[in-house]
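Please walk through this model with the viewer open.

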Amino acid sequence: MKKSKKLSTLASTAICGNDISSSVLYVSALAIAFAGQYAWITLLIVSLVLFLFRKIYGEVVGALPLNGGAYNALLNTTSKSVASFAATLTLLSYMATAVISANEAIHYLHHLIPAIPIIISSIILLIFFTLLTIGGVSESAKVAIGIFLFHLTSFAILSAFITFYLFNNGISIFIENWHLPVTGGSISNAIFLGFAASMLGVSGFESSANFVEEQQRSVFPKTLKNMWIIVSIINPLAALFALSLFAMPLLQSEAYQNTLLIEMASHVGGNWLAIIIAIDAFLVLSGAVLTSFVGVSGLLERMALDRILPQFFLKKNKKGSSYRITIVFLLLTISVLLITNGNVKLLAGVYTISFLSVMALFGIGNILLKVKRHRLPRPEKASWFAIITAITAVIIALIGNLIMQPKAGVPSNLSVFLEYFIPAIILIIIMLNRTILLKFLLKLIHSVFDPFRRFVLNTDKKIISIIDDINSQEFVYFTKNDDVETLNKVMLYIKNNEHTKKIKIVTATKHGFEVPAQFKNDIDVVDREYPEIKIELIELNEDFTPELIHKLSKDWDIPINFMFIGSPGNSFPYKIEELGGVRLII
């Protein structure tokens, strides 16, 4: 197997940066919808929270440089059950990110090419990034770098045009918006709801921790720093630009909420700039799909190594990629896309609650690491104040998203989240306890089928006993001096017609009659010819009479079957009925 090349700072930043930087396409509009003119402030608060998480992630991953993110942190400080809970949330977050990003990317492409089918194109995009991920993380990184640089360049061009436009036209619209009545009734409530919505703009920050083993030494903390810088600049800046270009009612309309950056580009640069931003939106959202595939591969591979998931997932190709994990994740995302029938905005609840819960759990993992594994060396440490503040901020954002009132006809975030979380966590619980469940199943099977098994065994023994009784019955053949041909006829008759496996050959030797040596040799020949039948030669110093037959029958406690070879002639001194049972061998 070919050893994959470790990722550089640019490559690692690009893979997870595409996810977090793609938030500029929606988070500014979302923050304005809830916080109005204070949206840029809420986005700066998010930047501050993310700054605190830099140290939190840096400490945990520095002490435990393994794939898995929050799962890895909790696995080394709590139990597999708790860690698996975090892993389930992370998996759901990646699933929702992949599906939503792919679908939104195709919507932007559909804006440019109206003829393309949304769902089919989304599936094709998911398949493309599946194949790219299977091709190896290095190859994926090259595509991610190209997308990342194009995205930053596009935003820089858009920013330059907006700055030039505002220089010539002033910021009167921003001032008008600033003096409008506060959205939500009060400044504090507006900032609270805006902050809760804006926290979605840092999705992707946790991804770097899920593929840290693929990164070069000391790259991980640099990726955190780079992502923090990017999100701290572009998201608040985009909100400020939007508030300076358009009146609040327009910004909070449905059309501008969905395609804010395109509307901004069209307003300051014309149609060509809007096309560039639409292309950029398609590419960077596609990059977020790639982030999900790379992150989930690192997470599930780690879970398989810890035997939570089957070892089936650990099979790698020549590029060092766990292709089975990628294919299973592809099937999961396609099934979710088809189940929602392309209305992937229903997954917002899954995406929101999962992502924010993972962030909170990572902070808790840092606390447990400090308490339980304080002797582990780590390159940096987060202060207790930073950890408590960061966790509190995430919990506030989580509460805000839970209490947000959904639009009419749309289910709440919590209800949608539970629809996906409950089946997922049940599956993980089954995998964690599969040996216990298998033992229970085995016990259940035994309790149901053991009575039948005992019945079968007892019946089997009884039948074998009956067969043995039948076969143990002996057959007596009286003879005086038969040759080997006659003896063979006797044996053939017994073999073909009788159940017995024993025969007594009896000869009466009274009055000086001696058994010839040839006769004994003939019996030996027949005995070798029929090894399945036991032959016993008995010589009696008696006269052959009916009385002898009846006496032997009584002594041996067996019915005596008198056998004729041929038919009894007139010279025979006794009547057949006087001799007992008769077998005629003709």
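This is a predicted model: local features need pLDDT of at least 70, side-chain atom pairs count only at pLDDT 80 or more; totals for chains, interfaces and linings use all residues.

Residues are numbered from 1 along each chain as its sequence is written, and side-chain values use heavy atoms, with hydrogens and water left out.

Start with the interior. A nonpolar core here is a set of buried Ala, Val, Leu, Ile, Met, Phe, Trp, Tyr and Cys residues joined through side-chain atoms within 4.5 Å. Buried means under 20% relative accessible area, exposed means over 50%, and partly exposed lies in between, with a 1.4 Å probe and protein chains only as cover. The largest core has 146 residues, and F53, Y57, M199, M264, M303 and L347 touch the most other members. Helix α14 supplies the largest share of this core, 17 residues. A second, separate core holds 16 residues, including F475, Y477, L487 and I494.

M264 shows what such packing looks like. Contact means heavy atoms within 4.5 Å. Setting aside neighbours within four places in sequence, M264 contacts L158, I162, A238, F241, A242, L245 and F246.

Now take α14 itself. Helices (H or I, at least four residues) and strands (E, at least two) are DSSP runs, numbered from the N terminus. The α14 run covers residues 271-305, 35 residues in total. The expected span of a helix is 1.5 Å times one less than its number of residues. For α14 that gives 51 Å, and the end C-alpha atoms are 51 Å apart, so the two agree. Of its 35 residues, 28 are buried, so α14 is largely enclosed by the rest of the structure.

Just after α14 comes R307. R307 sits in the loop between α14 and α15 (323-339). Its phi is near 65°, a positive value in a residue other than glycine. Most residues other than glycine have a negative phi. R307 counts as exposed because its relative accessible area is 55%. S218 also is not a glycine and has a positive phi, of about 70°. The loop between α9 and α10 (220-245) holds S218. At 46% relative accessibility, S218 is partly exposed.

Next, α17. Its 20 residues should span 28 Å at 1.5 Å a residue, and the end C-alpha atoms are 29 Å apart, which agrees. Its buried residues are A386, I387, A390, I391, A393, V394, A397, L398, G400 and N401. An α-helix has 3.6 residues a turn, so residues three or four places apart point the same way. The cover over the buried residues of α17 includes α3 (39-63), α9 (187-198), α16 (348-372) and α18.

On the surface, a nonpolar patch is made of I395, I399, L402, I403, L414, L418, I422, I426, I430 and L437, with about 800 Å² of accessible area together. Two or more of its residues come from each of α17 (384-403) and α18 (413-432). The top contributor is α18, with 5 residues. Patch residues have over 30% relative accessible area and no salt bridge; nonpolar side chains (Val, Leu, Ile, Met, Phe, Trp, Tyr) are joined within 5 Å, and like charges within 9 Å. A salt bridge is a side-chain nitrogen of Lys or Arg within 4 Å of a carboxyl oxygen of Asp or Glu. Accessible areas come from the Shrake-Rupley method with a 1.4 Å probe, and for residues only the protein chains shown count as cover. L414 lies in α18. At 40% relative accessibility, L414 counts as partly exposed.

Q37 is in the loop between α2 (27-35) and α3. With a relative accessible area of 2%, Q37 is buried. Beyond its sequence neighbours within four places, Q37 contacts N177, W178, L180, P181, V182, L243 and M248.

G201 is in the loop between α9 and α10. Its relative accessible area is 0%, so G201 is buried. Leaving out neighbours within four places, G201 contacts I20, S23, V27, V231 and N235.

S93 lies in helix α5 (residues 80-112). S93 is buried, at 2% relative accessible area. Not counting residues up to four places away in sequence, S93 touches E206, Y351, S354 and F355. The C-alpha atoms of S93 and N177, 84 residues apart along the chain, are separated by 35 Å.
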